[in-house]
Each structure stands twice: as C-alpha cells, then as structure tokens.
Amino acid sequence: MRITSTSCICPVLVCLCFVQRCYGAAHHGSIKVTRNQTKHIEGETEVHHRPKRGWVWNQFFVLEEHMGPDPQYVGKLHSNSDKGDGSVKYILTGEGAGTIFIIDDTTGDIHSTKSLDREQKTHYVLHAQAIDRRTNKPLEPESEFIIKVQDINDNAPKFTDGPYIVTVPEMSEMGTSVLQVTATDADDPTYGNSARVVYSILQGQPYFSVDPKTGVIRTALHNMDREAREHYSVVIQAKDMAGQVGGLSGSTTVNITLTDVNDNPPRFPQKHYQLYVPESAQVGSAVGKIKANDADTGSNADMKYTIINGDGSGVFSISTDKETREGILSLKKPLNYEKKKSYTLNIEGANTHLDFRFSHLGPFKDVTMLKIIVGDVDEPPLFSMPSYVMEVYENAKIGTAVGTVTAEDPDTANSLVRYFIDHNTEEDKYFTIDASTGTIKTAKIFDREETPWYNITVAASEIDNPGLVSHVPVGVRILDINDNPPELAREYDVVVCENAKPGQVIQTISATDKDNSANGARFHFSLDEGLALNPNFTLRDNEDNTASILTRRRRYSRTTQDIYYLPVLISDGGVPPLSSSSTLTIRVCACERDGRVRTCHAEAFLSAAGLSTGALIAILLCVVILLAIVVLFITLRRSKKEPLIISEEDVRENVVTYDDEGGGEEDTEAFDITALRNPSAAEELKYRRDVRPELKPAPRHHPSLSLDSIDVQEFIKQRLAEADLDPSVPPYDSLQTYAYEGHRSEAGSISSLDSATTYSDQDYNYLGDWGPEFKKLAELYGEIEPERTT
C-alpha cells in the first residue's frame with residue numbers, strides 16, 4: 001500500500017514501514033514518500049514541483065494482547081539523510097519510549113516489547129529525531145507521531161447491576177414490561193463486532209421474554225396468577241460479536257415476584273355455624289369468633305363483618321380484628337335463658353378495597369348463618385333497681401326505717417334470698433338490714449351538719465347457694481331539720497370614732513346558719529327588747545340577711561368610756577324558728593376627718609411623738625449600759641493611778657516619762673471644776689492636790705473686773721493667763737474645759753409656754769387647716785374639742 005502525504009514539515013524524506021494485523025489475517029505494508037511529486041487520486045500523472053519534504057507521518061498500529069516470544073514489530077523510521085553508512089542515529093522519546101517501545105538507532109525499526117491492553121490505554125504519543133552520530137547534531141527537527149493499540153475481543157459483556165429483584169402485578173397483560181437490563185463490553189465499539197451485544201433468555205420461559213437488542217424483559221403469558229405461583233427466577237445472557245460463534249458472553253439473574261391484586265373474593269368455609277353462649281356472659285365481652293378466607297394478601301384481604309339480619313341483631317354485635325381479619329362477636333345486652341334460649345344471626349364478610357378491573361370475578365363478599373344457643377346458668381339474685389337512693393331525717397331515733405331493697409332469683413327455681421350489708425367501710429356500720437325483707441334501719445343518730453350523705457353496699461345471696469352473691473349501691477341522704485340557731489358570720493371588730501355623728505353606720509353584720517336554706521335562709525336582726533333603750537347605738541335590719549349598726553348621739557370620748565357592748569338578737573325563718581344572742585364589742589377610737597382610724601389606745605400618745613414602747617425600752621437599756629461602763633472606767637482609773645513624780649532611784653539617763661494624759665471633767669481630784677462653771681468661785685488660787693509645788697507661786701495680777709459684769713471672752717482670757725503663769729503645772733499640755741455661758745439676758749424669756757395662762761382675743765381656728773403637723777397646736781389654742789389623729 002502506498003500512501004502519499006500532502007503535508008511537509010522538513011526538507012528530509014522519511015519512509016515509515018509498519019506491520020498491521022487485522023481480524024483473521026496479518027497485513028504487512030510500508031509508507032514510502034516520494035520527494036518531489038504526488039500522485040492524484042484520479043490517477044493523473046501530472047507532476048508538481050514543490051519544496052523538499054522532510055517528516056511525513058501516519059499513525060502506527062500495534063495489536064493488543066500480543067503473546068509471541070519475539071517483540072512485536074511496529075514500524076520503521078527513515079530519513080533521506082541516511083546513506084546507509086551508519087552516520088545517522090535515530091532517537092525515540094515520549095510515552096513508553098525505552099520501556100514499551102524500542103528503536104534500532106541505526107535502521108529506525110520500532111518494536112513493542114510488552115503485551116498491551118487497549119482497555120487500559122488506547123494510544124501512545126512519541127517523538128522521533130534523526131541526528132548525526134559523529135556530531136550529535138540533529139539532521140531533522142523533532143516530530144511527533146501516535147501509536148494506537150488495536151483492539152481484539154478479549155472482554156466479555158458484564159451486567160454491573162445484577163442480580164436484579166423486581167415485581168410485576170399478577171394478572172398483567174401479555175407483553176407487560178418488567179425490567180430493562182443492560183450489559184457493558186469493555187472492547188472498542190468502533191472496531192469490529194467486539195462490543196456489539198445481543199440478549200437472550202436462558203431460564204424463565206415460557207413466562208417471560210427478552211428483547212435481544214434492548215434487553216427489555218416482558219411477560220409472555222396472559223393472567224399470571226400469584227395464588228398459583230408467586231416467584232420466578234429468570235436468567236438473561238448477553239453475548240458480543242453480535243451473537244456469532246466465538247463471541248464472549250455474560251449472564252445475570254432476575255428474580256421476579258408477582259404482587260397481589262384483589263382478584264379473589266372472601267369465602268366462609270361453612271354456610272352454617274353454631275355457637276354456645278352462657279347466660280352469665282357479661283355485657284361487652286367477646287363471646288365468639290368467625291372468619292372468612294381470602295386468598296389475597298395485604299389490604300386486598302381486608303374485610304368487614306356485619307350482621308345483616310336475624311333476631312339477635314339487637315343483642316349481639318360484631319367487629320373486625322385488623323390483625324387476624326376475624327369477626328369478633330360481642331354481647332350488647334344481658335342474656336336470659338328463662339326468656340329466650342337461642343338466637344339466629346346472618347353474618348356477611350366483604351372486602352373493603354375493591355379493584356373494579358376484576359369485578360367480573362365477584363361478588364367480593366360472602367354470607368353465612370350463625371345460630372347462638374343460650375346456656376342455662378345458676379345466677380345470683382337480681383335486684384329490682386341498679387342502685388337505690390333513700391332519705392332519713394337527722395336526729396331520728398335508732399331503728400328508724402330508711403327504705404327497702406328487693407332482689408329475686410332469676411332462675412326457674414326461684415330460691416329464697418337473704419340480704420346483708422358489706423361492712424367494708426365505717427359508713428356501713430351506721431345501718432342495719434333485715435335479712436329476710438331487705439328493710440334498712442338506722443343504727444345511730446345522724447347530724448346532717450356533720451355528714452349529709454352516706455354510701456353503703458347491700459348484698460343478696462341465695463339461701464340454697466350462698467356463693468352466688470350480687471351487690472347494689474345504696475345512697476342515704478340525711479334530711480335537715482331546724483336544729484341550729486343562727487349566729488354571727490364572724491367575729492366583728494366594731495369601731496366608732498370620737499367625732500361620729502348621729503345616725504352614722506359604723507358596721508354591717510351578717511349571720512350564718514348550719515341548717516340548709518329550707519330551714520333558716522331568712523334572718524331577722526333586732527336588739528334585746530328585755531333591756532333598756534340603748535342611748536348610744538341602735539340596729540337596723542336591712543332585710544337581706546344583714547343588719548347595720550348606727551350611732552345615736554354625737555361625739556364619743558375615750559377618756560370617758562373606750563368600750564361599749566351591744567347585745568344583738570338573731571332569729572331564722574325555720575319551723576320552729578330558732579334564735580341566738582350575740583354581743584358586739586364597740587371600741588372608741590380617734591379618727592381622721594375622713595373617718596380613718598388613727599388610734600384606739602391610751603399609749604398611742606407616745607406613739608404620736610414618734611416613739612413606740614419598744615423603742616423607749618431600748619433607749620433606757622442603752623442609757624443604763626452606758627452608765628455602767630462609765631462607773632467601771634472611773635473605778636479602774638482610781639485603782640491604777642500612780643504619782644507623776646518618779647522615784648529618785650529610778651533614773652534612766654535623765655529621761656522622765658509621763659503617763660498622765662490630763663484630767664477630764666471626771667478628774668475631780670486634780671482640778672476643781674467649779675471654777676470653770678462660775679467665775680466667782682475662782683477668786684482665790686487653788687493648787688492641784690495630786691502635785692507638790694516646789695516654788696512659791698507669784699501673786700496674781702489681773703485687772704479688777706466685776707464678776708457680775710464679766711463676759712465670756714474676758715473670762716476665757718483670764719483663765720488662759722492663769723494657766724500660763726501657774727508654776728505648779730507640769731511641763732505637758734492639759735485640756736481645760738469651761739461651761740460658763742454668761743449671765744442671763746436682760747430681755748427675759750421668749751418662750752410661749754406660759755402664755756396659755758393669759759387671755760387673748762386672737763382667733764387661732766386657722767391652725768386646724770394647716771394639717772396633721774399642727775393638730776396639737778390647734779388643740780391648745782383652738783376652741784374646738786381635740787380630735788385625735790394617727
């Protein structure tokens with residue numbers, strides 16, 4: 001095969017020789033490029049002169065999976081600069097050069113030394129160059145070429161997602177699509193038939209089929225019934241080479257399950273059933289079960305049971321158990337063998353989820369007949385009522401009849417009945433019952449105000465069979481009689497102000513009665529008529545079960561009388577009416593003008609000054625403690641006092657220490673403080689009694705001032721000069737205090753305390769409008785009577 005290239009990249013002619021193997025045969029060929037002419041496709045012989053050509057390339061091919069002992073020949077490189085003398089050296093670089101592909105540097109022959117896998121790498125890009133062997137200079141520029149790995153059929157088709165699990169509804173039409181499977185082939189799909197796959201079914205016929213090209217699995221039969229067969233295992237094969245002989249194949253398994261549809265109606269196994277139920281069965285209890293069979297599953301088998309007719313439809317009811325799909329027969333009313341010995345029921349079982357595609361297979365319901373036989377049972381006595389309510393008056397005598405209960409034996413034997421009270425609670429001990437007649441009587445005297453209601457339990461049993469016992473609750477209501485007089489609803493704290501006016505309401509009172517509203521709901525209030533008319537207070541009945549306390553005069557005084565007592569008579573409207581007398585305590589208190597109570601006790605005067613009794617006690621206690629501390633301090637000072645003159649033998653480097661800090665007002669031994677109080681007491685010089693003077697004092701020289709006319713400033717100056725000139729004073733500072741305030745003022749006292757004894761024409765009533773701070777002053781100067789305020 002001769003290939004002519006129209007491209008030119010170098011002025012050198014290169015011939016490429018390669019060997020190509022195709023399917024079933026080996027083809028050998030070479031590429032030869034002429035230097036100055038190109039042959040036309042149509043066979044024309046026209047020659048075109050062109051510039052010199054160098055490297056001209058086509059793709060090289062190498063067969064994959066070569067297993068021969070010798071390296072596989074790929075092709076040949078040749079440069080027109082090569083004269084065959086070995087001066088040209090060929091160099092190969094790029095992917096796999098030197099490891100996978102080797103080149104004869106003299107001849108340019110390229111070989112593959114390893115078995116290649118097209119599925120791992122489809123082609124290799126390499127670079128070739130011709131150089132001068134002596135100078136190592138390139139004779140041609142480096143050029144790039146590709147070696148492609150030619151595919152062979154060495155990979156079988158694979159189902160990557162298998163095995164498969166799929167469902168299809170039963171009774172589906174023939175040709176219903178179930179699943180599409182796909183197999184992949186790693187071979188080259190563009191070369192030959194190595195990757196061309198066809199599908200076939202190896203297992204699963206005649207129920208299913210597969211499309212050979214698409215791999216779609218379809219049903220192959222009509223009306224496949226799940227109840228006949230539910231699971232199918234289908235094996236699908238995929239083969240390459242278009243299914244020809246020698247192709248590779250792979251298979252997978254498809255597990256197909258038919259899903260259920262409601263194509264089977266429910267059916268009772270029998271058309272007639274019989275059930276025995278004892279008459280002692282409790283109402284609401286389950287007495288039997290019935291079930292209709294359905295070949296379907298899941299919701300397609302759900303059904304509902306109903307009683308469509310029969311004489312027992314009012315006595316029995318039926319419900320459906322969701323789990324077991326059974327009909328549960330329950331008792332609605334009590335059975336009585338003596339009245340009716342059997343019942344007949346027609347029970348229907350029907351599907352609740354219908355599929356109308358299969359309605360022609362119906363009806364999807366079934367009916368059966370159930371006969372119920374009532375069994376005779378020895379029953380306990382039956383009371384005439386399910387419960388009893390009886391009444392008895394309070395304070396009734398012991399043995400008073402309250403009521404009667406009645407019970408009978410429901411059986412045909414009609415045995416005699418015995419009654420008794422279950423003494424399970426304390427209340428059951430308050431009553432007795434006649435064992436034969438069932439009459440209940442009192443066993444104590446009742447007080448409705450203590451317990452208005454009692455609950456007891458009465459039992460009845462057959463004399464022939466004491467083990468059969470029935471019980472009935474009995475409630476006993478205690479009726480009220482008017483046996484409690486009315487009384488005040490609470491303790492009232494009644495207060496009247498000193499400045500109260502006549503007819504003023506000072507308290508509203510109410511009453512209560514332990515009896516119920518039928519005995520004493522209406523109360524009447526009044527003052528005791530047997531007593532003299534009360535001049536201070538009166539009472540008004542408001543006719544609404546309350547009464548008001550009113551004043552009858554003006555102004556009350558605590559100093560005259562601080563407490564009043566008012567007897568009040570209260571009567572009810574019962575039959576017979578009852579009454580009681582209560583005494584109200586009324587306290588007199590000082591109030592504000594708006595009626596607010598300020599104080600009601602005499603000790604409140606101290607409180608008005610801002611000090612309570614507790615505060616006064618605390619102050620007195622503090623004063624006593626302070627006095628005790630002062631006395632203890634003075635006693636300790638006197639016991640520890642030492643002379644200020646140190647013994648002559650105790651001389652320590654001529655250092656004299658002094659511990660005396662000077663006398664205070666309490667130091668009466670060291671100083672006579674009367675001179676500090678009165679200037680006239682200081683006329684003659686007085687020495688300290690605790691210090692021995694060493695020098696004779698100089699006579700005092702001070703201006704002759706009249707002591708009656710001396711003022712405080714002159715007095716202080718005089719005392720300061722005497723202290724400075726006194727030679728008997730030790731060499732330390734001392735504190736001298738003077739409490740002299742001078743003589744009295746000639747202007748006299750400006751206090752108004754004595755002015756209350758003098759008569760004045762001035763009007764001080766305006767002081768009452770200045771507020772509570774001036775109340776005391778207004779009372780002293782005003783003509784109105786004092787009004788105490790808080």
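Predicted model: local features only at pLDDT ≥ 70, side-chain atom pairs only at ≥ 80, totals over all residues.
The chain of 790 residues has 35% of its residues buried, and its secondary structure consists of 5 helices and 41 strands. Its accessible surface comes to about 48400 Å², with carbon and sulfur atoms contributing 53% of that area. Among the contacts with a separation of 6 or more, 66% are between residues 24 or more positions apart. The mean pLDDT of the chain is 78, and a value of 70 or more is reached by 76% of the residues.

An open sheet is formed by 4 strands in the order 33-35-38-37, with antiparallel pairing. Its edges are strand 33 (487-488) and strand 37, each of which pairs on one side only. Strand 35, comprising residues 505-512, runs antiparallel to strand 38, comprising residues 546-551, and the two are joined by 5 bridges. Ile509 has Ala547 of strand 38 as its bridge partner, and Ala547 is also one of the residues in contact with Asp541 when neighbours within four places in sequence are left aside.

Asp541 itself belongs to strand 37, which spans residues 537-541. Because its relative accessible area of 18% falls under the 20% cut-off, Asp541 is classed as buried. Beyond its neighbours within four places in sequence, Asp541 is in contact with Arg522, Phe523, His524 and Phe525, as well as with Thr546 and Ala547. With Phe523, which is 18 residues away along the chain, the separation between C-alpha atoms is 9.2 Å.

In one of them, Lys121 is paired with Glu95, and the closest N and O atoms are 3.7 Å apart. This pair links distant parts of the chain, since Lys121 lies in the loop between strand 7 (109-112) and strand 8 (123-132), whereas Glu95 lies in the loop between strand 5 (88-94) and strand 6 (101-103), 26 residues apart. Lys121 is partly exposed at 32% relative accessibility, and Glu95 is also partly exposed, with a relative accessible area of 34%.

A further salt bridge joins the side chains of Arg477 and Glu391, with an N to O distance of 2.6 Å. Arg477 is located in strand 32 (residues 469-479) and Glu391 in strand 25 (residues 388-393), so that this pair ties together parts of the chain that are 86 residues apart in sequence. Both side chains belong to partly exposed residues, the relative accessible area being 31% for Arg477 and 43% for Glu391.

Salt bridges that share partners also join Arg226, Glu227, Glu230 and Asp260 into one network. Within this group, the side chains of Glu230 and Arg226 meet at 3.9 Å, N to O. The accessibility of these two partners falls into separate classes, as Glu230 is partly exposed at 31% relative accessibility, whereas Arg226 is buried at 9%.

Definitions and conventions:
Residues numbered from 1 in each chain as written. Heavy atoms only, no water. Buried < 20%, exposed > 50% of the residue type's maximum accessible area, 1.4 Å probe, protein only. Contact = heavy atoms within 4.5 Å. Pairing = 2+ DSSP bridges. Areas by Shrake-Rupley, 256 points an atom, 1.4 Å probe, with all protein chains shown as cover. pLDDT = per-residue confidence, 0-100. Salt bridge = Lys/Arg side-chain N within 4 Å of Asp/Glu carboxyl O.
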